[in-house]
Amino acid sequence: MLGRVRRRDQEVIPRYDPGRERRAELRARELMRSVVAPAEYDMYAELGFISVDGLQPGSGYAYLLYPHRPIVAYATESGELLNEYCVAFHDDSDPALGSRLPDADDVLAKWMSLRAGERNLIAKANLHVPGRQLDPNQVRRDLHMLSAWRGRRRARLAGPS
Amino acid sequence: MKPGHGDVLLAEGDPEVAEDEERLVEAFRRQLDEGMWAAVPTTDGPRREAVMVRDFSEVPRDAERVVFFPPAAGG
């Protein structure tokens with residue numbers, strides 16, 4: 001029975017159920033919304049990733065947190081891509097459901113780990129030069145989108161001129 | 001956090017009540033025994049933060065919740 005797991009009680013659980021995954025993502029987004037700053041949640045909801053500044057004051061770099069993709073460090077002034085940090089949060093406790101967290105949970109796990117201990121998380125990650133897993137041109141487009149998004153948000157918060 | 005679910009409520013209660021605290025400590029330990037990481041979301045003015053905790057005694061008394069998630073590993 002490919003793609004399914006039969007439990008002892010004979011309940012058949014589809015390994016991938018789009019409805020279940022959608023509901024899980026909605027729950028994960030609610031959790032994210034209650035933990036991160038409103039701007040960070042809006043960024044995820046509208047762009048699909050979160051940018052987190054390096055935690056040292058005036059660090060001059062930030063991280064892009066994508067779901068189930070490496071963390072990308074970049075220079076905040078120049079937009080130069082610095083490194084990819086490959087890190088995963090796999091939960092193998094229930095094989096019937098797979099090991100992959102909902103997207104928003106994966107991003108939130110990265111966010112909390114960075115906020116609570118940047119060095120500890122970076123030490124656990126596999127470090128690569130930019131371009132190992134993510135297309136650098138796509139990341140640069142994302143940075144461009146982020147800059148435009150921040151501009152629109154500032155204008156919206158400033159109100160009509 | 002759980003694959004296929006999002007967040008799942010494991011236990012809730014008032015840590016000032018002995019019976020509740022015992023239940024919370026038990027749930028906390030079970031998660032850490034299973035290898036999960038535990039984080040407490042915090043608010044510092046407009047800034048949102050999180051602290052990792054490894055023992056129930058490290059959870060701030062005024063914490064609203066502890067979020068458990070799988071540990072990070074090199075991807």
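**Notebook: chains A and B**

I began with one residue pair between the chains: Ala88(A) stands opposite Ala73(B) in strand β4(B). I note that helices (H or I, at least four residues) and strands (E, at least two) are DSSP runs, numbered from the N terminus. I then looked up the strands themselves and found that β6 (residues 81-88) of chain A is joined to β4(B) by 2 bridges, running antiparallel. Two strands pair if DSSP finds at least two bridges between them.

I recorded the basis of the model: it is predicted, local features need pLDDT of at least 70, side-chain atom pairs count only at pLDDT 80 or more, and totals for chains, interfaces and linings use all residues. Residues are numbered from 1 along each chain as its sequence is written, while chains are lettered from A and ligands numbered from 1 in the order in which they are written.

**The contact between the chains**

I looked up the contact (C-beta atoms, placed from the backbone, within 7 Å). Chain A supplies 35 residues and chain B supplies 23 residues. On the side of chain B that touches chain A, β1 (37-44), β2 (47-53), β3 (67-69) and β4 (73-74) each give two or more residues. Of these, β2(B) gives the most, with 5 residues.

**The sheet of chain B**

I found an open sheet of 3 strands in chain B, in the order β2-β1-β3, with antiparallel pairing. Why is one side of β2 and of β3 left without a neighbour in the sheet? Both strands stand at the edges, each with a single partner strand, so one side of each has no neighbour there. I also noted that β1(B) and β3(B) pair over 3 bridges in the antiparallel sense, and that Trp37(B) stands opposite Phe69(B) in β3(B).

**Helix α3 of chain A**

I saw that α3(A) lies across β1, β2 and β3 of chain B, and that it runs at about 80 degrees to β2(B). Axes are lines fitted to C-alpha atoms, for helices over the stretch in contact, and angles run from 0 to 180 degrees between N-to-C directions.

I checked the kink in α3(A): it is about 125 degrees and is centred on Gly117(A). The bend at a residue is the angle between axes fitted to the seven residues ending there and the seven starting there.

Finally, I looked at helix α1 (residues 18-35) of chain A, which packs against α3(A) at about 30 degrees with the axes 7 Å apart. That makes the two helices roughly parallel (angles under 35 degrees).

How values were computed: Contact = placed C-beta atoms within 7 Å. Parallel < 35°, antiparallel > 145°, perpendicular 65-115°, else oblique.
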